[in-house]
Amino acid sequence: MTFQPESDLSDEEVRERVDGAIESNDVVLFMKGNRLMPQCGYSQRAVELISQHVEEFETIDVLPALDHYRSALEAHSGWETIPQTYVDGEFVGGSDILAELDERGELEETLGA
């Protein structure tokens, strides 16, 4: 079986999904893959860091429409790199920022845990 991206998603549909996920979740991680099967090391690291402090958080797999997700997320954060973490509607950062916050002992508070 080969990977078939969802080419039928439009820019507008992806923007609506991104906006909805950011607005309706306390913590949301836009990542490559999913919580159970991350598809890149950075996404896996972000899941591990968040999971240390928060049991319930949303993950959104960007791979089905990667370019559309990059564009929609960049409109929110100014960054086009993946993964991206949002807490209470605010952009926090990628796995590197999460790791820095964790090292400083600030990640738990940032995640609202």
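**Backbone and core**

Colleague: Asp88 first: is Asp88 buried or exposed?
Modeller: Bear in mind that this is a predicted model. Asp88 counts as exposed because its relative accessibility is 56%, and the cut-off for that class is over 50%.

Colleague: And what is its phi like, and where does Asp88 sit?
Modeller: Asp88 has a positive phi of about 50°, although it is not a glycine, and its place is the loop between β3 and β4 (90-93).

Colleague: Which peptide bond is cis?
Modeller: The bond from Ile82 to Pro83 is cis, with omega near 10°, and Pro83 belongs to the loop that runs between α3 (66-77) and β3 (84-87).

Colleague: Changing topic, how many residues are in the largest nonpolar core?
Modeller: That core has 16 residues, and those with the most contacts inside it are Val27, Leu29, Ile50, Phe57, Leu98, Leu107 and Leu111.

Colleague: What is Leu98 in contact with, leaving aside its neighbours within four places in sequence?
Modeller: With those neighbours set aside, Leu98 is in contact with Ala46, Leu49, Ile50, Thr85, Val92 and Leu107.

Colleague: And what does the second core include?
Modeller: The second core is separate and has 15 residues, among them Val62, Ala72, Leu73 and Tyr86.

Note on methods
Residues are numbered from 1 along each chain as its sequence is written. This is a predicted model: local features need pLDDT of at least 70, side-chain atom pairs count only at pLDDT 80 or more; totals for chains, interfaces and linings use all residues. Side-chain values use heavy atoms; hydrogens and water are left out. Helices (H or I, at least four residues) and strands (E, at least two) are DSSP runs, numbered from the N terminus. Buried means under 20% relative accessible area, exposed over 50%, partly exposed in between (1.4 Å probe, protein chains only). A nonpolar core is a set of buried Ala, Val, Leu, Ile, Met, Phe, Trp, Tyr and Cys residues joined through side-chain atoms within 4.5 Å. Contact means heavy atoms within 4.5 Å.
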